[in-house]
Amino acid sequence: MPHLLHIDSSITGDASVSRALSARAARAWRAAHPGGTVTYRDLGAQPIPHLDTAGGMATRVPVDQHTAEQAASWRLTEELVGEVRDADTILLGLPLYNYGAPSSVKAWVDHLLAPGLAMDPETMTGLLGGRDLIVLAARGGGYAPGTPRDGWDHAELWLPHGLALTGLEPRFITAELTVAEQVPAMADLIPLAKESRAAAERAIDGLWARETLAA
């Protein structure tokens, strides 16, 4: 039975473009997989703990030597890796905050990088490959090639590298200039913002179009 892991990370609630895009993608997936199941995790509303000095070294210490804090951290790592392992498709809503990924997403990636769970400890070969990881990204400004802030989107640059050891290979669908209607200085960019949002929505609607027709 096909299984979807749907993750959001925005902290802006109903105003979030990345949440709207990931919800649209989840609806499209359900339409194409009417018998499928879904696991949902909201990193924005319920962030997972960042790695710290008390428990953060759990992946480098034998399980039978874990402190109480390391054991708790390891259980969470097992849970998070298990959610990915159980999924055929993963949707990640990814806003751009201060030119980078939300810290909650960094914490999620840090927990996934677990030898023996997400990668072979001897060869460092990823164990989570073969899953479709679709990132629904949103960024308030413009970062396209040739723009003044080309290269400032460090979230999209970082994520494939951050996940590389796991075998996961993200592909991005991005809407940009999302704050153009709220920022007076960006008023002349509103048509481009609407075009970018519409292009992202079309890309989402086409993700599983063939499966939907066949269902």
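Helices (H or I, at least four residues) and strands (E, at least two) are DSSP runs here, numbered from the N terminus. You're looking at a predicted model, where local features need pLDDT of at least 70 and side-chain atom pairs count only at pLDDT 80 or more, while totals for chains, interfaces and linings use all residues. Residues are numbered from 1 along each chain as its sequence is written, and side-chain values use heavy atoms, with hydrogens and water left out.

Q: In which element does leucine 94 sit?
A: Leucine 94 counts as buried because its relative accessibility is 3% (buried is under 20% relative accessible area, exposed over 50%, partly exposed in between, with a 1.4 Å probe and protein chains only). Set aside neighbours within four places in sequence, and its contacts (heavy atoms within 4.5 Å) include Val105, Val135, Leu159 and Phe172. As for its element, leucine 94 belongs to strand E3.

Q: How far apart are the C-alpha atoms of leucine 94 and valine 105?
A: These two are 11 residues apart along the chain. Valine 105 is also on the contact list of leucine 94. Their C-alpha separation comes to 8.1 Å.

Q: How many of the 10 residues in helix H3 (residues 103–112) are buried?
A: The buried set is made up of Ser104, Val105, Ala107, Trp108, Val109, His111 and Leu112. Their cover includes strand E1 (3–8), helix H2 (68–86), strand E3 (89–95) and helix H4 (154–162). H3 is mostly covered, then, and its buried count is seven.

Q: Are H2 and H3 roughly parallel or roughly perpendicular to each other?
A: Their axes come within 8 Å and cross at roughly 95°; axes are lines fitted to C-alpha atoms, for helices over the stretch in contact, with angles from 0 to 180 degrees between N-to-C directions. Under 35 degrees would be roughly parallel, over 145 roughly antiparallel, 65 to 115 roughly perpendicular, and the rest oblique. So this pair is roughly perpendicular.

Q: Which residues have the most contacts inside the largest nonpolar core?
A: A nonpolar core is a set of buried Ala, Val, Leu, Ile, Met, Phe, Trp, Tyr and Cys residues joined through side-chain atoms within 4.5 Å, and the largest has 32 residues. E1, H2, E3, H3, strand E4 (132–139) and H4 each give two or more residues to this core. A second, separate core of 18 residues includes Val17, Trp29, Leu91 and Leu207. In the largest core, the residues with the most contacts are Val84, Ile90, Leu92 and Trp108.

Q: Is asparagine 98 buried or exposed?
A: Asparagine 98 sits in the loop between E3 and H3. Its phi is near 55°, a positive value in a residue other than glycine. With a relative accessibility of 76%, asparagine 98 counts as exposed.

Q: What is the relative accessible area of methionine 124?
A: Look for methionine 124 in the loop between H3 and E4. It has a positive phi too, near 60°. Methionine 124 is partly exposed, and its relative accessible area is 36%.
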